[in-house]
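Hi,

Here is the structure I promised to send over. Have a look, and then read on for my notes.

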Amino acid sequence: MNIKNAQEAVDDWIKEHGVRYFNELTNMAQLTEEVGEVARIIARRYGEQSEKESDKTKDLGEELADVLFVVLCLANQTGVDLQQAFDKKLDLKTKRDHDRHHNNKKLK
């Protein structure tokens, strides 16, 4: 599934299962909450914080999918073609960073 299809799938889901999109500010708060859940898992599982028993069953993939879902909602409701924006960003990063990381001694 490409990003355009994902945006359409989310829109279809909202129309079928949701009443409507939450407003943009609510979705921004929701996105912040979901990113916080990802950060909690990463900090405890891969960082130096101790992982609580209740955190050990958390699914990182599921939490990342929550982030993606809300990002797709925000794109839909603000009229952003995320496929086009992503393709443009990837092209920009490719041109700008083509040699930059290869020349970074910290990454060797």
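Which residues does Gln7 touch, not counting residues up to four places away in sequence? They are Leu72, Ala75, Asn76, Val80, Asp81, Leu82 and Gln83, where a contact means heavy atoms within 4.5 Å.

Before the rest, some housekeeping. This is a predicted model, where local features need pLDDT of at least 70 and side-chain atom pairs count only at pLDDT 80 or more, while totals for chains, interfaces and linings use all residues. Residues are numbered from 1 along each chain as its sequence is written, and side-chain values use heavy atoms, with hydrogens and water left out.

Back to Gln7: this residue sits in helix α1 (residues 3-17). Helices here are DSSP runs (H or I, at least four residues), numbered from the N terminus. With a relative accessible area of 9%, Gln7 counts as buried; the cut-offs are under 20% for buried, over 50% for exposed and partly exposed in between (1.4 Å probe, protein chains only).

Next, helix α2 (residues 24-45). Its 22 residues should span 32 Å at 1.5 Å a residue, and the end C-alpha atoms are 31 Å apart, which agrees. The buried residues of α2 are Asn27, Leu31, Glu34, Val38, Ile41 and Arg44. An α-helix has 3.6 residues a turn, so residues three or four places apart point the same way. Part of the cover over the buried residues of α2 comes from α3 (60-78).

Now the charged pairs. There are nine salt bridges in the structure, each being a side-chain nitrogen of Lys or Arg within 4 Å of a carboxyl oxygen of Asp or Glu. One of them joins Arg44 and Asp55 (3.3 Å, N to O). This pair links distant parts of the chain, 11 residues apart: Arg44 is in helix α2, and Asp55 is in the loop between α2 and α3. Both Arg44 and Asp55 are buried.

Arg45 pairs with Glu51 (3.1 Å, N to O). Here Arg45 is partly exposed at 29% relative accessibility, and Glu51 is partly exposed at 25%.

Last one: Asp97 and Arg96 form a salt bridge, with their closest N and O atoms 2.9 Å apart. Asp97 is buried at 8% relative accessible area, whereas Arg96 is partly exposed at 47%. Lys93, Arg96, Asp97 and Arg100 are linked in a salt-bridge network.

Cheers

How values were computed:
Helix = DSSP H or I, 4+ residues; strand = E, 2+ residues; numbered from the N terminus. Expected span 1.5 Å × (residues − 1).
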